[in-house]
Amino acid sequence: MVPSREQESPACEQHFAATVLWVADTGSANHLTSPAQLDAKTLRKMSACTEEIRLATANGQVSPEGEIDVHLPELGLDARLLVLKTCPRVLSVGRLVEDHGLEFHWTPGRAYFQNPGGQSVECEVRNYVPM
């Protein structure tokens with residue numbers, strides 16, 4: 001997905017570097033990040049998961065270290081990220097579509113999200129992966 005910029009939301013804060021790429025993942029049921037991708041202030045806001053969660057990953061079954069709420073300014077929404085020991089930044093396309101009403105479109109040479117108001121958020125496609 002196009003780079004994030006630091007912004008604050010009334011519900012939560014995001015403290016990512018000026019340029020952040022997210023993998024738009026149709027195979028992930030959760031939004032994900034790792035402690036290495038969060039600054040110290042944001043990491044301190046991590047809390048224990050509200051329920052027991054086990055994820056099936058390429059490295060086997062793992063449990064998140066916690067969860068954190070962030071604002072995604074490009075999409076104009078707040079999201080809860082599960083924090084894993086190590087992983088890329090991942091946005092669940094399924095959650096964005098089902099929970100937030102976004103549409104996801106991918107045609108040769110172009111991938112993008114579209115919000116209910118018709119505004120598009122372009123993704124980059126790198127090595128056949130929308131980001």
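Strands β9 and β10 make a hairpin with five residues between them, and Gly118 in the turn has a positive phi of about 95°. Strands here are DSSP E runs of at least two residues, helices H or I runs of at least four, numbered from the N terminus. This is a predicted model, so to speak: local features need pLDDT of at least 70, side-chain atom pairs 80 or more, while totals for chains, interfaces and linings use all residues. Numbering runs from 1 along each chain as its sequence is written, and side-chain values use heavy atoms, without hydrogens or water.

β9 (residues 110-114) pairs with β10 in the antiparallel sense over four bridges (pairing takes at least two DSSP bridges). Ala111 has Cys123 as its bridge partner in β10. Buried means under 20% relative accessible area, exposed over 50%, partly exposed in between, with a 1.4 Å probe and protein chains only.

On to other cysteines. Cys87 counts as buried because its relative accessibility is 16%, whereas Cys49, at 22%, counts as partly exposed. With a disulfide taken as two cysteine sulfur atoms within 2.5 Å, the count is zero.

Cys87 also turns up in the lining of the largest pocket, among the residues nearest its centre, along with Leu32, Thr57, Leu84 and Thr86. A pocket is an open set of points on a 1 Å grid over the protein atoms alone, where a 1.4 Å probe fits, with protein on both sides within 12 Å along at least five of seven lines; lining residues have an atom within 4 Å of a point. β3 gives the most to this lining, with three residues.
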